[in-house]
Amino acid sequence: MVQLTVDIGGRPGVDCRGFCTYCYFKHAQDLPAFGCKYCLPFTKGCDYCLRSVQEKYSGFIPLRDVAEKILGDLQMLTGDLTRITISGGGDPSCYPDFTDLIELLSSLEAPLHIGYTSGKGFDNPDIADFLIENGLQEISFTVFAHDPELRRLFMKDPTPEISLEILKRLAQNIEVYAALVILPGVNDGPVLVDTIRWLESIGVKGAILMRFANTYEQGLILENAPVIPGQRIHTTDEFSELVRQMRSITRMRISGTPLFDPDLGSPFILAHEPDHLRLLPMITGHAGVITGTIAGPFLNKVLSARGGENLVITVEKEIADLITIEDIKNLDLSALPETIIIPGRSFIHLSEAEQVLSADGRQRMVIRGPDMLTADGETSMGMTRDEVLALELEGFRTLITLINQWGR
């Protein structure tokens, strides 16, 4: 597949008609670079871990500049273009030259996908017909609730009835996936049941339920916690059960993040598949594998089944990709082996990690692990069970190879 991503820029909370009440970019602070997999070996900080993670755009990118970038990217592609995706830090529905952009992309005669929109920038329901006529085939649409007053209050949507009408028209003609951030006591319970049943009735293909994050441990690493002071949050078990309940009342595809996908049994299908586990190499080395509290039990079960007892080191952060240097500073060094493997996409610079983890005088080697060991609900929504299993097998083979090669 040959894909083209069109970045239109935009600032969270500014180029989206204002922050949604639950937006995790609210209160976000300008911070020094975290460090990440893209940094140079001896330089902490790069464009990704300094600018991209904080969505540091100066605003929407002018259409002329977007068009020039598209032309340049097209010249670099080999093969026929099969998909175009619009993305950015702001909401595409608020892009000032939105219709001109769509007409420009339509001329490329490839299926068009809008990676995310809240619909808050659309004030005329006829935009749905325009999008369909110009080749839009798939869209991810933030819903929050079928109740327009809840959208108005919590999403700051000035025209919630129009947004929902646009969603309905689109769902009756193209593939629409709904996204719902779940606030306990607000849009769960009967409100969520009503929303899920309405989404199914209008033809939405699937819905991703997103657990509201309100603490540092849940991944608010931009010194922006709490997003909503005093707001209750679901535990991971509560949220998993909520996802399971919603799946039981609909034929729609339902998945949740950070947990789970009822149709596929992910994340970490391998933890429940002994026949597939036997396809992985046996573990012969010894290395500490750092991860978050959600993935920890799954990793331990998979690695233990292949001879890797007591390798998993769990920090307090729930999501492994959002682990920072601050999380590993709290580890008990006396319990750590000489080789440490950190999550591939964690926001840690290797040289800094080695310095922190060798502070007791024992020199430790830190290695970056594979980027992905499984697929969360957002990723698995567009995958089959076999595809998730293949991803997991590849990721764990890589991880075990690192353990065996560098473990001591």
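Me: Where is the place of Pro258?

Reply: Pro258 sits in the loop between S7 and helix H9 (274–277). Helices (H or I, at least four residues) and strands (E, at least two) are DSSP runs, numbered from the N terminus. This is a predicted model: local features need pLDDT of at least 70, side-chain atom pairs count only at pLDDT 80 or more, and totals for chains, interfaces and linings use all residues. Residues are numbered from 1 along each chain as its sequence is written, and side-chain values use heavy atoms, leaving out hydrogens and water.

Me: What omega goes with the cis peptide bond from Thr257 to Pro258?

Reply: Omega is near 10° for the cis bond from Thr257 to Pro258. Ser266 and Pro267 are also joined by a cis peptide bond, with omega about 10°. Pro267 lies in the loop between S7 and H9. As a rule, most peptide bonds are trans.

Me: Why does Glu223 count as exposed?

Reply: Its relative accessibility is 57%. Buried means under 20% relative accessible area, exposed over 50%, and partly exposed in between (1.4 Å probe, protein chains only).

Me: What makes Arg169 partly exposed?

Reply: The relative accessible area of Arg169 is 21%. Arg169 lies in helix H6. Not counting residues up to four places away in sequence, Arg169 touches Pro125, Asp126, Ala128, Asp129 and Ile132. Touching, or contact, means heavy atoms within 4.5 Å.

Me: Why is Leu183 called buried?

Reply: The relative accessible area of Leu183 is 0%. This is under the buried cut-off, so Leu183 is buried. Leu183 is in the loop between S5 and H7. Its contacts, leaving aside neighbours within four places in sequence, are Tyr22, Phe144, Phe154, Asp188, Phe212, Ile228 and Gln231.

Me: How do you know that the span of helix H7 agrees with the 1.5 Å a residue?

Reply: H7 has 14 residues, 189–202. The expected span is 1.5 Å times one less than the number of residues. That should give 20 Å, and the end C-alpha atoms are 21 Å apart, which agrees. After the helix comes Gly203, with a positive phi near 105°.

Me: Which residues of H7 are buried?

Reply: Leu192, Thr195, Ile196, Trp198, Leu199 and Ile202 are buried in H7. They cover an arc of only 165° around the axis, which puts them on the same side of H7. The arc is taken from the directions from the helix axis to the C-beta atoms. Pro190 and Ser201 are exposed on the other side of H7. The buried residues pack against helix H6 (160–171), strand S5 (175–182), strand S6 (206–211), helix H8 (236–248) and strand S7 (253–257).

Me: What makes H6 oblique to H7?

Reply: The two helices pack at an angle of about 45°, with axes 8 Å apart. That makes H6 oblique to H7. Angles under 35 degrees count as roughly parallel, over 145 as roughly antiparallel, 65 to 115 as roughly perpendicular, and the rest as oblique. Axes are lines fitted to C-alpha atoms, for helices over the stretch in contact, and angles run from 0 to 180 degrees between N-to-C directions.

Me: Which residues in H6 meet H7?

Reply: Leu164, Leu167, Lys168 and Ala171 in H6 meet Trp198, Leu199 and Ile202 in H7. The contact divides into 6 nonpolar, no polar and 1 charged. Here Ala, Val, Leu, Ile, Met, Phe, Trp, Tyr, Cys and Pro count as nonpolar, Asp, Glu, Lys and Arg as charged, and the others, Gly among them, as polar.

Me: What are the buried residues of H6?

Reply: Pro160, Ser163, Leu164, Ile166, Leu167, Leu170 and Ala171 are buried in H6. Their arc is only 155° around the axis, which puts them on the same side of H6. Their cover includes helix H4 (127–133), strand S4 (136–142), helix H5 (148–155), S5 and H7.
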